[in-house]
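Q: Could we go through this model together? I have some quick questions about what sits where.

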Amino acid sequence: KGGRTAVLKAGAITGIVLFAAVALQQFGLKDTTAGKAAFITGFYIILVPVFGVFFNQKTNTKTWIAAVLAIIGLYLISVNENLYIAKGDLLVFACSFFFAAHILLINKYTQYLDTLELSFVQYLVCSLISMIMAILFEDIAISSILKAAIPILYGGIFSVGVAYTLQAYGQKYAKASHAAIIMSLESVF
């Protein structure tokens with residue numbers, strides 16, 4: 001296993017990539033529909049095995065077929081007849097590249113680093129960047145934070161803390177391309 005320095009470096013990298021993915025998605029959602037954003041974000045399903053080729057990760061034909069079918073399914077679930085490209089669509093498309101990179105990085109780092117420590121550092125970095133950006137660019141009102149405390153805590157603890165930690169543990173034992181296909185089920189649920 002890697003030492004503390006390796007965990008801090010990997011956690012910082014994955015935290016920055018996760019922040020970029022989520023921030024681009026959130027900004028994109030201002031100018032697109034939730035359905036289109038789900039479909040476009042899901043493009044990481046194809047990007048993970050494509051990028052994996054550059055990292056000498058072998059992807060078999062079944063995985064490619066499953067990835068293409070998952071994209072078709074996401075399209076059928078998410079996009080209506082008024083398909084058009086908006087500014088938000090482009091931001092969400094950029095986010096899919098960062099989510100693909102995140103999946104590949106987690107797959108790489110969990111093979112030799114402590115998964116829980118990696119996850120903790122990743123969340124800490126992502127949270128710190130988010131807080132700095134909020135202080136710089138948002139109007140923060142303590143009363144609003146208190147009113148939204150339950151959803152904020154739920155999102156932070158379960159949607160991020162638990163879900164991404166379980167993702168990291170799962171990816172320790174799964175190929176990145178398989179993980180991407182499994183994670184695409186988020187849109188179905």
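Q: Is Glu117 buried, partly exposed or exposed?
A: Glu117 counts as partly exposed, because its relative accessibility is 30%; buried means under 20% relative accessible area, exposed means over 50%, and partly exposed lies in between, with a 1.4 Å probe and protein chains only. This is a predicted model, in which local features need pLDDT of at least 70 and side-chain atom pairs count only at pLDDT 80 or more, while totals for chains, interfaces and linings use all residues. Residues are numbered from 1 along each chain as its sequence is written, and side-chain values use heavy atoms, with hydrogens and water left out.

Q: Which side chain does Glu117 meet in a salt bridge?
A: The side chain of Glu117 meets that of Arg4 at 2.9 Å, N to O, where a salt bridge is a side-chain nitrogen of Lys or Arg within 4 Å of a carboxyl oxygen of Asp or Glu. The pair links distant parts of the chain, with Glu117 in helix 6 and Arg4 in helix 1 (residues 4–29), 113 residues apart. Helices here are DSSP runs of H or I with at least four residues, strands are runs of E with at least two, and both are numbered from the N terminus. Arg4 counts as exposed, because its relative accessibility is 59%.

Q: How many salt bridges does a search of the whole structure find?
A: The search finds two. Lys36 and Asp89 also meet through their side chains in a salt bridge, at 2.8 Å, N to O, and this pair links helix 2 (residues 34–41), which holds Lys36, to helix 5 (residues 87–109), which holds Asp89, across 53 residues.

Q: And are Lys36 and Asp89 buried or exposed?
A: Lys36 is buried, because its relative accessible area is 4%, and Asp89 is buried with a relative accessible area of 4%.

Q: Switching to the rings, how many aromatic pairs are there?
A: The count comes to six aromatic pairs, under a rule that pairs rings of Phe, Tyr and Trp (its six-membered ring) if their centres lie within 6.5 Å, with planes under 30 degrees apart counted as stacked, over 60 as edge-to-face and the rest as tilted. One of them joins Phe43 and Phe93, whose ring centres are 5.4 Å apart with planes at 40°, so the pair is tilted. Phe43 lies in the loop between helix 2 and helix 3 (44–54) and Phe93 lies in helix 5, so the pair ties together parts that are 50 residues apart in sequence.

Q: What about Phe51 and Phe97, how are their rings placed?
A: The centres of the Phe51 and Phe97 rings are 5.9 Å apart and their planes are at 45°, so this pair is tilted. It links distant parts of the chain, Phe51 in helix 3 and Phe97 in helix 5, 46 residues apart. Ring pairs link Phe43, Phe51, Phe93 and Phe97 into a cluster.

Q: Are those four Phe residues buried, partly exposed or exposed?
A: Phe43 is partly exposed at a relative accessible area of 28%, and Phe93 counts as partly exposed at 35% relative accessibility. Phe51 is partly exposed at 22%, and Phe97 is partly exposed at 32%.

Q: Where does Ala179 sit, and is it buried or exposed?
A: Ala179 is found in helix 9 (residues 176–183), and it is buried, because its relative accessible area is 7%. The C-alpha atoms of Ala179 and Ile157 are separated by 21 Å, with the two residues 22 apart along the chain.
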